[in-house]
Each structure stands twice: as structure tokens, then as C-alpha cells.
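Walk through this fold with the coordinates open beside the text.

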Amino acid sequence: MPAVKIGLRMRRLGGMLAAGAVVAVSAVGGGCAADDELSTPRPTVPTVKPVPERAQPADGNAEADQTADAERTGDEQPDRDTPAGAAAANDEPAGPADAEWTTASEGQADASETGGTTSADPGQGGVTVRPDGDMFAADVALQAVLTLDEPIDMAVAPGDDLVWIAERAGRVSRVDLERGAVVETILDIGAETEATGERGLLGIAVTDRWLYANFTDLAGNTRVDAFERDGTGLGGHRRTILFQTQPFSNHNGGDLAIGPDGFLYVAFGDGGSGGDPLNAGQDPTTWLGAVLRIEPTPDAAEPYAVPTDNPFAAGQDGAGRPEIFLTGVRNPWRLSFDRATGDLWIADVGQDAYEEVTVLLAANGGGLGANLGWRLREGLHRFTGDEPPNHADPVWEYSQDDGCSVTGGYVYRGSAIEDLYGAYVFGDYCTSRLWALQISTGEVEFRELGAEVFGGSLASFGEDALGELYVLSLNGTVARIVPR
């Protein structure tokens, strides 16, 4: 069966069709879908629908108004081990947090009518409409900045002109990207973690008061700890915010992000092995297979509070862990918020056949209460069952004929590459090729950017204070995406 194009647009570049594009069948493999996805045009741009008003964080110094469940043990028991390795297909390597947020609540609606995206102009303190660029005209390259030891995540620290980069062995350093130099190491938890397989220090996020670090401890369990800031460094106060027993050695998730609502988003994989034997993705009574949303309160009586509109918070319908924001993920390998619209983008690594990217519009609550489908669905396809309630289809998928492990990125909001403005830039760990998606025209558009990460092993993307993008390779390279 030939490749089918539904609800999306690709362009031929240099006489060749952009590679890696698939809807329900692979553009490379050419195999037919095993189920009936082709009967409905997908993927498509999500539509805006009314949602309740979102909760806002309280004073971070106040005690939690709700009783927070920071359970220190898990009730799941492993039934078998699984091979792990950062370089193995589908056993992923291990988002950055933005410094300031200005969200345009009607940005998506404006974009659908004008072909642009409403974005903030921090210099004027207001909201202006800036059309998205023509990503098919963007000509980009990678410029190596410096080499580190398995750089895994990057964050902007409010009040600091330098970026903070985490290395998987447990270090966080202040880095001058212009000079390509490490200025100082401000955190080293190397004695508390081990960078093996899919473990180690996996993600960081920074606010004006705290550095949050997501790592696996020496027993392989997940910890999210808060370290109090002291100027451009760290003070002496530290507190564990979350602890989760990991039943297997892989699928730890590990990403952290500060949302436009000021809350901390924490990505958990399904606990590991293969095929989600614990059915964690569809079990809201466990943090595994979910993205959490909490308000950290490291210096209060409880380590965090639960936003009142979380789907399983007190007073909401349904039975589940109150910290859960959305469910149905396998191993979300990088999530990020569009700094202009507040839309949430999640890249989720597939099992045997498909990698996927989902966009959850801010106008729809950013995915509040959504179910991304795993393990019932893999991408747009049936894995073990039918679509669940509140299912959010991916906006893009690609076959594992074209890669092996998706690495999520950011919507480009910088100024150096005008044609790339408004495009979501992402890639694949194994091929280390950079790709882009655009949805502002009302269609899902895809292209390969023609750049490949030096040394391979594309582990993460970073976004600096100006919206310029960087790629991080587990082979050591930190590179800036620049116009060619």
C-alpha cells in the first residue's frame, strides 16, 4: 500500500520529499496500518474548545492548603528485568525551563485566521501579532559551542545572564554560551546517582528561588529535589519534593518544566520493561505513565501543594492521584511550553513501531485531564485496545523505519532565523536529524531541516532567554541552531 497523506502538508526540497513523514503508514516502510485509522483524517491541528478557568499558584512561601500526598514508597513489584541502555533503540537517553512567560490566551484562534501566532513583546510589555515564518524556506546549521560530559538538559535561571546545563553524571554548571566556557559548577550530586542505562540526572528546572533536579538515586528510584538559590549559585537548603519507586530500570521520564501558570510539571514514564506490564499509563492511581502538575513549597510544612483544578484534586470528579495533570504516556522524552502561546508539546517514545508528538493547546487547558493513549494506543494506532475517554491524538508520528527514539524540542521564538519562527523543532536520538512541525496554517506541516547533530545521540534541546535553540548530545556536544 503506498504512503498516504491525510490532513498534513509536506513540500519537496531539492527534488526530494522530506523524509520521515507518516500519518497512519510509514513514508519509508510503506506498510499498511493494522487497524482503521485511515477512515478518519488524522493527524490534524487540535481545535479550541471551552474549558474551565485554570488555577493559579498561591504564595510559594505559604503552607499548602491541601494535604499533599508525597508517598515515599510504591506498591508495584517488578516481575522481570529488562535490558537498558541509553543508546539502544527505544531505551531512551535522558525540558528546560523558560525564565519568563507571557501567554496570549487567544493566540491559537488568531493564528488560525491570520496564519500567524500571537506572541509577547517583552520590550513593550504588551501583546503583538507576529506572523509565523515559512519554515520550508529556513536554512539552518549547527554551530558547536562547547563540549561537556553527557549534557542532558539546559535551563534559563531568572536573574542570571548565563544558562545552567545539567550533565547526566550529576553536575549542574553555569555556562557562558557566547564564550563556550563553563564558569562554575554549582551542584554535584554524582555520589547520589549513577549515569547508566537510562538513569542519572535527567532534568532540571529553575525559578527565581529554586533549582529543581529530577534524578534516579543509587537504587534506581526517582527523586525530585529542590535546592535553594543564593544569587547565581545555590545556598544550603535542600528538600525532596517527590519520590517514586521505579519497578524497572528504564522509562524513568525525567523532564521538568515550569509552566506559564507557574506550576512545576514533572514527566514520569510508565515504569519500564516493555509493553507497560503494569498498565501504568491507564492507571491514575500511580504517578507512573503520567505528567504531574504541582506547586512546590520546599520551605513550607508540606513539600508541595496540589492545584485545585488538577483532574483528581479534592473536589474534582474521578479517583486518582491528585498530582496528576494528564495520563497515558509511555516515556515522555521532553515536554515544553510555547513561550508565545502557552501550548504544551510532548514527545513520547514509542514501543515497537511509532514515535509521536502531541500538542495540547493552552486554549484547551494545555492538556488538563487528557489521556495520550498508551498502552491502548501507540501513536495513531491500536496497541492493546480502543481509544480511551479524553484521548488526545498525536499531531505527528513517524515510523521506526525513520528513527528509533523521539527527542522533543521547542517552538522556535528567537530572532536569528526568521523563517523558522513558530515552528516546533525536534529530532530523533538515533538518527540525530533535526525536524520541524508547523500548525499555524491550520494544517500539520513537516520538514526535515537538513542538519544533523555532531556525534549523534541527540539527547535534548535547550532554549535560551532570547528564544534561540540549542541541541545537546550525549556524546558531549552542545551546539546552537543558526542560520546557514
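Buried here means under 20% relative accessible area; exposed means over 50%, and partly exposed lies in between (1.4 Å probe, protein chains only). Strands are DSSP runs of E with at least two residues, helices are runs of H or I with at least four, and both are numbered from the N terminus.

This is a predicted model: local features need pLDDT of at least 70, side-chain atom pairs count only at pLDDT 80 or more, and totals for chains, interfaces and linings use all residues. Residues are numbered from 1 along each chain as its sequence is written, and side-chain values use heavy atoms, with hydrogens and water left out.

S7 has a partner in strand S8 (residues 163-167); the two pair in the antiparallel sense over 5 bridges. Two strands pair if DSSP finds at least two bridges between them. Look at Ala-155: its bridge partner in S8 is Trp-164. S7 and S8 form a hairpin, with 6 residues between them. In the turn, Gly-159 has a positive phi of about 85°.

Now move to strand S22, residues 354-360. Here 7 of 7 residues are buried. In a regular strand the side chains alternate between the two faces of the sheet. Which residues of S22 are on each side? Tyr-354, Glu-356, Thr-358 and Leu-360 are on one side, and Glu-355, Val-357 and Val-359 are on the other. Both faces are covered.

S22 has strand neighbors. Strand S21 (residues 344-348) runs antiparallel to S22 and is joined to it by 5 bridges. Ile-346 stands opposite Thr-358, and Ala-347 stands opposite Val-357. S21 and S22 also form a hairpin, with 5 residues between them. Strand S25 (residues 396-399) is joined to S22 by 4 bridges, again antiparallel. There, Glu-355 has Tyr-398 as its bridge partner.

These strands belong to an open sheet of 4 strands, in the order S20-S21-S22-S25, with antiparallel pairing. Its edge strands are S20 (332-337) and S25, each of which pairs on one side only. The twist averages 10° from one strand to the next. Axes are lines fitted to C-alpha atoms, for helices over the stretch in contact, and angles run from 0 to 180 degrees between N-to-C directions.

Next, the nonpolar cores. A nonpolar core is a set of buried Ala, Val, Leu, Ile, Met, Phe, Trp, Tyr and Cys residues joined through side-chain atoms within 4.5 Å. The largest has 39 residues; those with the most contacts inside it include Trp-345, Val-357, Trp-396 and Phe-426. A second, separate core of 23 residues includes Val-224, Leu-242, Leu-264 and Tyr-304.

Beyond four places away in sequence, residues touching Arg-433 include Asp-402, Phe-426 and Leu-458; contact means heavy atoms within 4.5 Å.

Finally, the whole chain. Its secondary structure comes to 1 helix and 32 strands. Of its 484 residues, 62% count as buried.
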